[in-house]
Amino acid sequence: MLSRRTFLSAALTTSAMSFGMPFTSVRTAERYPNRLIRIIVGYATGGNVDVPARLFAPELQRILGVPVIIENRPGASGVTAAEAVVHMPPDGYNIIWATSASHSVSVVALAPLPFDPVKDFAPITLISEDPNVIVCTSDFPAADSIESFLAYAKAHPGTAIGTSGPATSGRFAVELMRPKLGVQLTVVPYKSTGPLLTDLAGKHIPLGIMGASTAVPFIKDKSIRAIAMTSIRRSRVLPDVPTFNETVSKGFDAVAWSALFAPPGTPAPIVDRLNAAMKEIAEVPAIKSGSRNPDWKCR
């Protein structure tokens, strides 16, 4: 996956490349922003990527003083939107709310990609980290502990587990479970998290894996149950759910992340302006304390 170190290294590289910008780029940066900004989201409306983007957009509009809208371009786990943004003008008016699916897992799952996830984007900020949670139907027979879940999975190789797509951090976590935990689950990729939650609630599939912030209300209303987190530490939004790391596999870590990118060549002053705005938004009390919010990392 794209590590935090790699992300920040890419950000530093982008800043370094901005020295010696042409005069026209300097003038563009000085006037920025003076018109509508589009945040491109590579997933459908109402999903676990679209919702936080729409949470941030009004605040970004307030800080920057120009209209900010969300444009959904779903397809190929975010790759369709990312490819489009690569070819957009590097002026800060078209930016992408990207994820670990489009810029990390897809490198393997959907190779070859039509872009380089590091070289072809100007990083603005790492927005959030959202640990995955393994969930099950309300009547799954081995949900009382991680140990009983693993024992069941080993006794029933090939048990189906749904993911929100073919190239997601959840899919990566399941693949990591094979060598780390010795279980063989059959991945069933859905088009998005919504249909997966519907099938779990209807008991059409026994297991699923998704971002913790998305699963919270369904766990609380007991339509599904939580078994384990795939992060190093427990989730802020699901503090009672144990991790593989603390129980059976030290160092097990597979989280989803989201980040804001601009097209390659975007002037550093524009990147810095957007970065500062995102940091400010992450500290807004209503956003910072939201019960379903992932761990905001804007920096």
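User: How much space lies in the largest pocket?
Analyst: About 920 Å³. Keep in mind that this is a predicted model.

User: Which residues that line it are closest to its centre?
Analyst: Gly47, Asn48, Val49, Thr193 and Thr214. The lining of the largest pocket has 49 residues in total.

User: How does that lining divide into nonpolar, polar and charged?
Analyst: There are 20 nonpolar residues, 26 polar ones and three charged ones.

User: OK, other topic. Where is Asn132 found?
Analyst: Asn132 is part of strand E4, which covers residues 122-137.

User: Is Asn132 buried or exposed?
Analyst: Buried. The cut-off for buried is under 20% relative accessible area, and Asn132 counts as buried because its relative accessibility is 2%.

User: Which side chain does the side chain of Asn132 join in a polar contact?
Analyst: The side chain of Ser169, at 3.2 Å.

User: And what else is Asn132 in contact with, leaving aside neighbours within four places in sequence?
Analyst: Besides Ser169, the list has Gly170, Ile209, Met210, Gly211, Ala228, Met229, Thr230, Ala254, Val255 and Ala256.

User: Now the inside. How many residues has the largest nonpolar core?
Analyst: It has 36 residues. Ile39, Phe56, Trp97 and Met278 have the most contacts inside it.

User: Which helices and strands each supply at least two residues of this core?
Analyst: The strands are E1 (37-41), E2 (68-72), E3 (94-99), E4 and E9 (255-262). The helices are H3 (50-64) and H11 (268-282).

User: Which one gives the largest share?
Analyst: H11, with seven residues.

User: What is Phe56 in contact with, apart from neighbours within four places in sequence?
Analyst: Trp97, Ile127, Met278, Ile281, Ala282, Ile287, Trp296 and Cys298.

User: How many residues are in the second core?
Analyst: That separate core has 25 residues, including Ile161, Leu185, Val187 and Ala254. Ala254 is also one of the contacts of Asn132.

User: Why is helix H4 largely enclosed by the rest of the structure?
Analyst: Because six of its eight residues are buried. H4 runs over residues 79-86, and the buried ones are Val79, Ala81, Ala82, Ala84, Val85 and Val86.

User: What do those pack against?
Analyst: The buried residues of H4 pack against E1, E3 and helix H5 (100-109).

User: Last bit, the whole protein. How many helices and strands?
Analyst: Twelve helices and ten strands. The protein has 299 residues, and 54% of them are buried.

User: What share of the contacts with a separation of 6 or more is between residues 24 or more positions apart?
Analyst: That share is 77%.

Key
Residues are numbered from 1 along each chain as its sequence is written. This is a predicted model: local features need pLDDT of at least 70, side-chain atom pairs count only at pLDDT 80 or more; totals for chains, interfaces and linings use all residues. Side-chain values use heavy atoms; hydrogens and water are left out. On a 1 Å grid over the protein atoms alone, a cavity is a set of points where a 1.4 Å probe fits but cannot get out, and a pocket is an open set with protein on both sides within 12 Å along at least five of seven lines; lining residues have an atom within 4 Å of a point. Grid points are joined across faces, edges and corners, and a volume is the space filled by probe spheres set on the points. Ala, Val, Leu, Ile, Met, Phe, Trp, Tyr, Cys and Pro count as nonpolar, Asp, Glu, Lys and Arg as charged, and the others, Gly among them, as polar. Helices (H or I, at least four residues) and strands (E, at least two) are DSSP runs, numbered from the N terminus. Buried means under 20% relative accessible area, exposed over 50%, partly exposed in between (1.4 Å probe, protein chains only). A polar contact is a pair of N or O atoms within 3.5 Å; within protein, one must be able to donate a hydrogen and the other to accept it, and residues adjacent in sequence count only if both atoms are side-chain atoms. Contact means heavy atoms within 4.5 Å. A nonpolar core is a set of buried Ala, Val, Leu, Ile, Met, Phe, Trp, Tyr and Cys residues joined through side-chain atoms within 4.5 Å.
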